[in-house]
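Please look over the sequence and the structure below before reading on.

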Amino acid sequence: MDHASLYLVEDFFSIQGEGRHVGVPSIFLRFGGCNLRCPGFGTHEIDGERVEGCDTLRAVDVKRFKKSWHRYQRATELIAIVRAYVENAGYRPHVVLTGGEPMIYHDHPAFYGLVGWLVREGFVVTIETNATIAPDFDRYRAYGGVTFAMAVKLSNSGERVGKRVVHSAIMALASRGKDSFFKFTLDPRCDTNADEIAEIVEGYPNEIYCMPLGENGEELAANAPAVAEFCLHHGYRYSDRLHVRLWNRQERR
Ligand code: SF4
């Protein structure tokens with residue numbers, strides 16, 4: 001990928017379906033590209049081909065999907081997208097920057113320009129991240145006004161631990177972001193993840209949310225009770241995935 005470019009996969013207005021801001025009207029900007037692949041998250045059929053990887057492959061797989069992504073170079077272009085949603089809504093929604101992995105663009109002038117504008121304007125901003133990349137908080141000060149939803153990947157992602165658990169990045173995002181929180185997506189065998197979750201979150205005062213895996217309402221309903229029990233047992237917060245309940249699919253629309 002051309003690292004001078006910034007790619008937006010899509011933007012939309014919906015409710016946040018998971019984590020601390022569940023139910024909150026939100027503007028979503030989904031950025032293209034990721035520094036991980038997560039082959040453990042199953043295989044998906046794309047154009048008749050079986051492809052390994054995460055459930056947002058269309059925001060990750062540069063080779064297959066880049067042609068459908070929109071390239072931006074200036075913050076003003078991204079700000080104009082947000083402004084249009086605000087004007088249409090008639091109020092100022094929560095803004096979610098997601099991916100892929102949006103933090104691959106953390107020092108891109110267009111991305112940081114957008115973040116700086118959002119924070120200055122007083123938006124509530126969440127960046128959904130795999131928590132492997134942290135910005136220089138002293139140099140890029142606006143990140144101190146951003147909440148990082150840290151979805152640290154577990155062994156079930158199929159990524160090697162040194163790549164998916166970057167303690168220095170987690171520490172920076174957890175302590176320098178604004179009320180950052182942990183977010184884990186679990187299947188009914190969540191007890192097998194207990195030790196690695198405990199190791200990742202040890203010593204952090206940040207909130208910890210666990211959500212059931214599920215690409216549709218049926219799968220979600222089947223997985224939810226075990227994850228709720230897991231939360232009760234460990235003192236974590238259960239988060240549903242409201243968009244899946246409401247619309248029976250991964251996308252929050
Ligand atoms: S970190 Fe997230 S977006 Fe990136 S490959 Fe893994 S699941 Fe997909």
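What follows is a short report on this chain, which is a predicted model.

## Overall fold

The secondary structure of the chain amounts to eight helices and 11 strands. The radius of gyration is 17 Å, close to the 18 Å that the globule rule gives for 253 residues, so the chain is as compact as a globular protein of that length. Taken along the principal axes, the box filled by the C-alpha atoms is roughly 45 × 45 × 40 Å.

Nine strands make up an open sheet with mixed pairing, and their order is E5-E1-E2-E6-E7-E8-E9-E10-E11. At the edges of this sheet are strand E5 (70-72) and strand E11 (237-238), each of which pairs on one side only. Strands of a sheet pair through backbone hydrogen bonds, and such pairing is either parallel or antiparallel. An antiparallel case is that of strand E1 (residues 6-15) and strand E2 (residues 25-31), which are joined by seven bridges; Asp11 stands opposite Leu29 in E2.

## The largest pocket and the ligand

Which space does the ligand take? The ligand takes the space of the largest pocket, whose volume is about 1,200 Å³. This pocket is lined by 47 residues, and those closest to its centre are Phe41, Cys54, Asp55, Thr56 and Arg241. By class, the lining of the largest pocket holds 17 nonpolar, 13 polar and 17 charged residues. Strand E3 (43-46), E7, E9 and helix H7 (217-234) each supply at least two residues of this lining, and E9 gives the most, with four residues.

The residues around the ligand, counted with a heavy-atom cut-off of 4 Å, are Cys34, Leu36, Arg37, Cys38, Phe41, Cys54, Thr56, Val60, Gly100, Asn130 and Lys153. By class, this shell divides into six nonpolar, three polar and two charged residues. Phe41, Cys54 and Thr56 are around the ligand, and these three are also among the residues closest to the centre of the largest pocket.

Rolling a probe the size of a water molecule over the atoms shows where empty space is left. How many cavities of 30 Å³ or more does the count give? The count comes to one cavity of 30 Å³ or more, and the space in the largest cavity is about 30 Å³.

The lining of the largest cavity consists of Gln16, Glu18, His21, His94, Thr126, Glu128, Ala149, Phe181 and Lys183. Strand E7 (125-129) and strand E9 (181-186) are the elements that give two or more residues to this lining, and both strands also supply at least two residues each to the lining of the largest pocket. By class, the residues lining the largest cavity are two nonpolar, four polar and three charged.

## Backbone details beside the ligand

Cys38, in the loop between E2 and E3, has a positive phi of about 50° although it is not a glycine.

Gly100 is placed in the loop between strand E6 (94-98) and helix H3 (109-121). The peptide bond that leads from Gly99 to Gly100 is cis, and its omega is near 15°.

Note on methods: Residues numbered from 1 in each chain as written. Predicted model: local features only at pLDDT ≥ 70, side-chain atom pairs only at ≥ 80, totals over all residues. Heavy atoms only, no water. 1 Å grid on protein atoms, 1.4 Å probe; cavity = no way out; pocket = protein on both sides within 12 Å on 5 of 7 lines; lining within 4 Å. Sits in = over half its atoms within 2 Å of the grid points. Nonpolar A, V, L, I, M, F, W, Y, C, P; charged D, E, K, R; others polar. Points joined across faces, edges and corners; volume = space filled by probe spheres on them. Pairing = 2+ DSSP bridges. Rg over C-alpha atoms; globule rule 2.2 N^0.38 Å.
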